[in-house]
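Colleague: Could we go through this model together? I would like to begin with the turns between the strands.

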Amino acid sequence: MAEAVLRRARADFRDVMAGQIKQLTTLAERPNISVHLLPDEVSMHVGLTGPFSLARLPDHKWVAEMENQLGGVVIDRDDDVDTLMSRWEMVRSEALPRRQSLDLMEEVVTSWT
């Protein structure tokens, strides 16, 4: 998630945002969930080309799902999944570490009150 998303919350929307951020930080305490913020200094990155999700199936095969305004598409071709995994790693390498991301989210929510 981009840090700018947190910073641009209007005053009349901050209660809703605070609830969502608190839920994210609660979920991120689970060992299988990580939330990472992209700091404002990272203005351009490959993740801006569109949202996607990666999932590992019980047989350990990876698949992806790409969203658009009409729905989503499941990607299971190995080459395509590899491309998306590489792009995820590019974005992830620019993001703050997990703990710093959570601390920043909590700091922003605290600044609103």
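Modeller: In this predicted model, the hairpin of β1 and β2 has five residues between its strands, and His60 there takes a positive phi near 75 degrees.

Colleague: How many bridges join β1 to β2, and do they run parallel or antiparallel?

Modeller: Strands β1 and β2 run antiparallel and are joined by five bridges. As an example of the pairing, Phe52 stands opposite Met66 in β2.

Colleague: Which residue is the bridge partner of Glu65 in β3?

Modeller: The partner of Glu65 is Val74.

Colleague: Let us step back. What pattern does the protein chain follow along the sequence?

Modeller: The order is α-α-β-β-β-α-α. That comes to four helices and three strands.

Colleague: What box do the C-alpha atoms fill?

Modeller: Taken along the principal axes, the box is roughly 45 × 30 × 25 Å.

Colleague: How many of the residues count as buried?

Modeller: The protein chain has 113 residues, and 26% of them count as buried.

Colleague: Which residues lie nearest the centre of the largest pocket?

Modeller: The lining has 28 residues, and those nearest the centre are Met1, His36, Trp88, Val91 and Arg92.

Colleague: What is the lining like by class?

Modeller: The largest pocket is lined by 16 nonpolar, eight polar and four charged residues.

Colleague: Which element gives the most to that lining?

Modeller: Helix α3 does, with five residues. At least two residues each come from α1 (3-7), β1 (52-56) and α3 (78-94).

Colleague: You named Val91. Where is it found?

Modeller: Val91 is in helix α3. The C-alpha atoms of Val91 and Leu38 are separated by 8.0 Å, although these residues are 53 residues apart along the chain.

Colleague: Why does Val91 count as buried?

Modeller: Val91 counts as buried because its relative accessible area is 12%, and the cut-off for buried is under 20%.

Colleague: And His36, is that residue buried or exposed?

Modeller: His36 is buried, with a relative accessible area of 12%. Its place is in the loop between α2 (14-27) and β1.

Colleague: Which residues is His36 in contact with, leaving aside its neighbours within four places in sequence?

Modeller: His36 is in contact with Met1, Arg92, Ala95, Leu96, Pro97, Arg98 and Ser101.

Colleague: What lies by the polar atoms of the His36 side chain?

Modeller: The backbone oxygen of Leu96 lies 3.0 Å from a polar atom of that side chain. The backbone nitrogen of Arg98 lies 3.5 Å from a polar atom of the His36 side chain.

Terms used
Residues numbered from 1 in each chain as written. Predicted model: local features only at pLDDT ≥ 70, side-chain atom pairs only at ≥ 80, totals over all residues. Heavy atoms only, no water. 1 Å grid on protein atoms, 1.4 Å probe; cavity = no way out; pocket = protein on both sides within 12 Å on 5 of 7 lines; lining within 4 Å. Nonpolar A, V, L, I, M, F, W, Y, C, P; charged D, E, K, R; others polar. Pairing = 2+ DSSP bridges. Buried < 20%, exposed > 50% of the residue type's maximum accessible area, 1.4 Å probe, protein only. Polar contact = N/O pair within 3.5 Å; in protein donor to acceptor, adjacent residues only side chain to side chain. Contact = heavy atoms within 4.5 Å.
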